[in-house]
Amino acid sequence: MSFVRLRDRDGDRRGFFRPGCPNVSKRIDASNGFFTGADASSTLSICASDRSDMHSFRTDSQFFRDALERIGKAEDLRPVPSPVPMGPERRETDQIDRKEALSDHRELQPARVIGRLVALNGTQGVISCPLTAGEGDWSVGHLITIVHRASRLVGAVCEVATDDGRWSESASNAARVTIELNGEIIDGPDGAPLFHRGVRSFPSLGALAHRIRSDDLRAVYTFRGQRGVEIGRLSQNEDIPAEIDVGELIRRHFSVLGSTGVGKTTSVSLLLKKSLATRPKLRVIIFDPHNEYTAHFPGLAQIVDSESLELPFWMFKFDELADVVFSSRQPHPDERDALYEVIRIARAKYQAELSSLAGTSAVRRQPIAEGSSVTSDAPTPYRIIDVIAIIEEWLGMLDQRFPRSDLRALRHRLEGLNRDPRYRFMFGRLVVEDDIAKVISRLFRIPTRGLPVTIVRLAGLPNEVTNSVVSVLARLAFEIAFWCSGTYEINVLCEEAHRYISSSSGQAFGPARLAIGRIAKEGRKYGASLGVVTQRPSELDPTVLSQCSTMFAMRLANELDKAIIRAAAGVSASSTIAFLSSIADREAIAFGEAIATPMRMKFADISVRAEDRQAHISGERDSDPIDLKKLSAQLRGEA
Ligand SMILES: Nc1ncnc2c1ncn2[C@@H]1O[C@H](COP(=O)(O)OP(=O)(O)OP(=O)(O)O)[C@@H](O)[C@H]1O
Ligand SMILES: [Mg+2]
């Protein structure tokens, strides 16, 4: 049995009628199937020969009702029973159909029906549909559903084009919409929609495509079984919150990438405040090269700048100190060896002096039997004046293994650093006091004293020392989390990360890259995590970026940068990534472990949300104090 497609002038409501209904068929324009007018027609029978037509009939019932009302025969709206005999399988699908029919009837929205599937491969489908001016639901990035048995497949629109390349403002335009399938929605026993990633079976051609229901959209972006934390709203529908799983965000590292001025700093601050509000053990240390973060954490952060930073030189590992001493230049091998040796001897000397002062403290009773047992890397104190004195001594010796010119240069450099006020944070105040506990207590918030965030303002520090400072702090963050075995959680936020974890080995500072790379690779097991913020993802060490399981990609114009994001997002989010260069400020494409489904979202406006400024930090924070003495001993390698 053949049918003629029936459309009204808008073209978006369709149905079928059986030829042979003379009074109506006269009013069907044979060229385009448009219904041309109302009439007091006496008979109209609508029938269906297969399931998809039944569906058509059902979803378009409002259309027919309208059409029949226009011709004055609404009471004649009756489907003709299917002529196909009913087998058990047929009965089952029919039950599914009835279920769908009920749910469709529940919200009879003919405008939601938008087209039919006309092509399909493993990941993408093409929908043929009529488009009229002002229809926003077909925009790139929007989600639609395709009815398939008892489920609704979810697809993201990645391309839209009219069939003939023209556009009519007044009539409907035949269009082809390419979608990327990314999951399916099944109604649970209680009727609530549940979203599953991936597609188990594919629909056949002709399946109906719908504008997505709000409930379905909500199901796609929310977590099952646990409540996510709201960080903004979906771009497609502002009524639906954009949620993240804070645990996954913090545990598995995250990155925020975007051109300058798109809102990276503000968004990261929002993410961190939300995380702090739900994770009482969490501390955050922010490397802030432009002094941007202070305003975002009023009452939550300890600010450390070049004036107030205290990071004694003896806490630096040899490589870190060597970088400061040689100002990032490649030293002569003898110079490096001389520095290593002189530090080792100075350290052993100081330890020996301490051990001779019996009974001063548990720490100072540590015996140093042999100078050779002390390495240049153990974070135990020594005096810089001892280092200079030893070099002087070597210079006065006849038989000297290091070239005198190297020793002289080293002595001058060390004397210069010791006097330079910009290096007071290293060679000043806490020079020889074994005060590792005081240093880490302040920088790593043990206890928090209500300030779980440390903002290290790098702007005032000498350029050549920035990388070393980042390296020392990142390394300590990892070691503290390691020794606290689960009682301490820290996020190391690297703003302008490409500066100290660069992709080019020439520019990269070895120790900083190593320390941050270690957090990226192993930190999750001990509670140390990474937040990476950059405007140049292509200049960032790819291993660190690949460890960031959650990514917020904001507007990016550079092709190289976009390629990095595309590679990280994989096939599932590739259509969403396609419009990275055109999204608005504050908007982001978010994907990864902390996100239920890749989403285009807009971060909440935190300039008006005063409550975000004062994230409620529970009093619980200090109830689990960490034994600083023990931790100091562990960091010194004495435990
Ligand atoms: N979620 C938001 N709510 C309110 N204002 C915002 C938000 N995000 C960004 N802004 C505003 O946009 C401007 C730029 O934001 P921000 O400094 O965070 O961008 P950025 O990407 O860090 O820039 P840069 O690369 O220069 O550091 C700021 O003035 C900020 O107030
Ligand atoms: Mg910024």
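The following legends describe close-up views of a predicted model.

**View 1. Surroundings of ligand 1.**
The shell around ligand 1 comprises 17 residues, of which Thr260, Gly263, Lys264, Thr265 and Thr266 are the closest. Helix α7, spanning residues 264-278, contributes the most to this shell, with 4 residues. Sorted by class, the shell around ligand 1 holds 9 polar, 5 charged and 3 nonpolar residues.

**View 2. The open sheet of 11 strands.**
The strands of this open sheet follow the order β13-β12-β22-β21-β20-β14-β19-β18-β15-β17-β16, and their pairing is mixed. The edges are formed by β13 (241-244) and β16 (301-304); each has a single partner strand, so one side of each is left without a neighbour in the sheet. On average, neighbouring strands of this sheet are turned by 25° against each other, direction ignored.

Strand β14 (residues 254-257) pairs with strand β20 (residues 550-553) in the parallel sense, over 4 bridges. Ser255 is placed opposite Met551 of β20. Helix α15 (residues 510-526) packs on the sheet, where it touches β18 (489-495) and β19 (528-534). The direction of α15 makes about 140° with that of β19.

**View 3. Packing of helix α14 against helix α20.**
Helix α14 (residues 463-484) packs with helix α20 (residues 628-635) at an angle of about 120°, and the two axes are 10 Å apart. The helices α14 and α20 are therefore oblique to each other, and their crossing is right-handed. On the α14 side, Glu479, Ile480 and Trp483 meet Leu631, Gln634 and Leu635 of α20. The contact of α14 with α20 has 4 nonpolar residues, 1 polar and 1 charged.

**View 4. Packing of helix α13 against helix α20.**
Helix α13 (residues 436-443) also packs with α20, at an angle of about 110° and with the axes 9 Å apart. At this angle, α13 is therefore roughly perpendicular to α20. From α13, Ile436, Ala437 and Ser441 meet Leu628, Lys629, Ser632 and Leu635 of α20. The contact of α13 with α20 divides by class into 4 nonpolar, 2 polar and 1 charged residues.

**View 5. Packing of helix α9 against helix α10.**
Helix α9 (residues 333-356) and helix α10 (residues 384-396) have axes 9 Å apart and pack at an angle of about 120°. This angle makes α9 oblique to α10; the crossing of the two helices is right-handed. From α9, the contact draws on Val342, Ile343, Ile345, Ala346, Lys349 and Tyr350, and from α10 on Asp386, Val387, Ile390 and Ile391. By class, this contact of α9 with α10 has 8 nonpolar and 2 charged residues, and no polar residues.

**View 6. The cis peptide bond at Pro447.**
The peptide bond that runs from Ile446 to Pro447 is cis, and its omega is near -5°. Pro447 lies in the loop between α13 and β17 (453-457).

Although Arg149 is not a glycine, it has a positive phi of about 50°. Arg149 is located in the loop between β7 (143-148) and β8 (151-162).

Conventions. Residues numbered from 1 in each chain as written. Chains lettered and ligands numbered in written order. Predicted model: local features only at pLDDT ≥ 70, side-chain atom pairs only at ≥ 80, totals over all residues. Near = placed C-beta within 6 Å. Nonpolar A, V, L, I, M, F, W, Y, C, P; charged D, E, K, R; others polar. Axes fitted to C-alpha atoms, helices over the stretch in contact; angles between N-to-C directions. Parallel < 35°, antiparallel > 145°, perpendicular 65-115°, else oblique. Left-handed = near helix turned anticlockwise from the far one by under 90°. Contact = placed C-beta atoms within 7 Å. Pairing = 2+ DSSP bridges.
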